[in-house]
Amino acid sequence: MGIARRVKWFFAAVFLCLAASQVGFAQTSTLTKEDVEAIVRDYILENPEILIEALQAFEQRQAEESLARQQEMLEARMDVLVASEHQIILGNPEGDVTLIEFFDYNCGFCRRSLEDVERLVSEDKNLRVVLKEFPVLGDGSREAAQVAIAAAKQDPKRYLELHKRLLMARGQVNERVALKLSESLGFDMADISETLAKPVVNDAINEVYSLANDLGLTGTPTFIIGTEILPGAVGYDVLREKVDAMRECGRTVCS
């Protein structure tokens, strides 16, 4: 049932309950539609705050149910999130804490987060960072992601430098820009062209789209650590705090 329809039924139920509370359940069967409407109207005019309170409770319940569904899906897809054959890993592959980032090369906030992630990796030798190519900002983003994936298949160690240059490039990033940067870094361009023609590149991107759809992710960057999803460029301090808590307590918030 859609949100609008659920809200409609929610208020209908509230109105009937209010009417019943005013005249007693035994009498409601004899009331006309006009009687009920008049009773509800009078009650609301006298107690308008009850609708605000009821709607707030309704929205809170919706948010809790949505979060619960997201958590269930997060647990169900955890294997693909942390151990996909397509993903790129920065830092320590055997690290005791894993930080996942969904990003887009044309995302300004992803550029801002690059420094935060690099700092974490340089400071924390037991941190494992999983990068998920999530091109959501147009065809250029998808083209750049495809080239980056092909480059990573060729040389995972040099991928990080390409990743950084793509994120820091001026203007719109697309296939042309990604190929030019790959060539400047010494990648085998014939091999990249060959890989781009294979299903594996689109398989990698479609896998991330599937994960994002299941988890309800719509924007970049989005970070995941443990069972917590952090949308947006949350900054170094927040990421550092979550990583430390995860290591100390096994969850992102220590009680």
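On a 1 Å grid over the protein atoms alone, a pocket is an open set of points with protein on both sides within 12 Å along at least five of seven lines, a cavity is a set of points where a 1.4 Å probe fits but cannot get out, and lining residues have an atom within 4 Å of a point. The model is predicted, so local features need pLDDT of at least 70 and side-chain atom pairs count only at pLDDT 80 or more, while totals for chains, interfaces and linings use all residues. Residues are numbered from 1 along each chain as its sequence is written, and side-chain values use heavy atoms, with hydrogens and water left out.

**Exercise 1. The largest pocket**

Task: find which residues line the largest pocket, and sort the lining by class.

Solution. 
Step 1. The lining consists of S84, E85, H86, Q87, I88, I89, I149, A152, K153 and P156.
Step 2. The volume of the largest pocket is about 180 Å³; a volume is the space filled by probe spheres set on the grid points, which are joined across faces, edges and corners.
Step 3. Helices (H or I, at least four residues) and strands (E, at least two) are DSSP runs, numbered from the N terminus. Strand 1 (88-91) and helix 7 each give at least two residues to the lining of this pocket, and the largest share, three residues, comes from helix 7.
Step 4. Ala, Val, Leu, Ile, Met, Phe, Trp, Tyr, Cys and Pro count as nonpolar, Asp, Glu, Lys and Arg as charged, and the others, Gly among them, as polar. The pocket lining then divides into five nonpolar, three polar and two charged residues.

**Exercise 2. The largest cavity**

Task: describe the lining of the largest cavity.

Solution. 
Step 1. Searching the whole structure gives one cavity of 30 Å³ or more. The volume of the largest cavity is about 80 Å³.
Step 2. Its lining is made of S84, H86, Q87, I88, L131, K132, E133, I149, A204, E207 and V208.
Step 3. By class, the cavity lining holds five nonpolar, three polar and three charged residues.

**Exercise 3. Aromatic pairs**

Task: count the aromatic pairs, and state how the rings of F102 and F134 are set.

Solution. 
Step 1. Rings of Phe, Tyr and Trp (its six-membered ring) pair if their centres lie within 6.5 Å; planes under 30 degrees apart count as stacked, over 60 as edge-to-face and the rest as tilted. By this rule there are three aromatic pairs.
Step 2. The ring centres of F102 and F134 are 5.8 Å apart and the planes stand at 85 degrees, so this pair is edge-to-face.
Step 3. The pair links distant parts of the chain, 32 residues apart: F102 is in strand 2 (residues 97-103), and F134 is in the loop between strand 3 (127-133) and helix 7 (139-154).
Step 4. Buried means under 20% relative accessible area, exposed over 50%, and partly exposed in between (1.4 Å probe, protein chains only). F102 is buried at 0%, and F134 is buried at 4%.
Step 5. For F103 and Y105 the centres are 5.1 Å apart and the planes at 75 degrees, so this pair is edge-to-face. Both F103 and Y105 are buried.
Step 6. One aromatic cluster is formed by F102, F134 and Y209.

**Exercise 4. Charges over rings**

Task: find which ring R119 lies over, and which ring R158 lies over.

Solution. 
Step 1. A charge sits over a ring if NZ of Lys or CZ of Arg is within 6 Å of the ring centre and within 35 degrees of the ring normal.
Step 2. R119 lies over the face of Y236, at 3.6 Å from the ring centre.
Step 3. R158 lies over the face of F187, at 4.6 Å from the ring centre.

**Exercise 5. Cysteines**

Task: identify the cysteines that form a disulfide, and state the handedness of the link.

Solution. 
Step 1. A disulfide is a pair of cysteine sulfur atoms within 2.5 Å. The structure holds one disulfide.
Step 2. C249 and C254 form the disulfide, with sulfur atoms 1.7 Å apart.
Step 3. The angle about the S-S bond is 110 degrees, and the link of C249 and C254 is right-handed.
Step 4. C249 is partly exposed at 26% relative accessible area, and C254 is partly exposed at 30%.

**Exercise 6. A cis peptide bond**

Task: state which residues the cis peptide bond joins.

Solution. 
Step 1. Most peptide bonds are trans.
Step 2. The cis bond joins T220 and P221, with omega about -5 degrees.
Step 3. P221 is in the loop between helix 11 and strand 4 (222-225).
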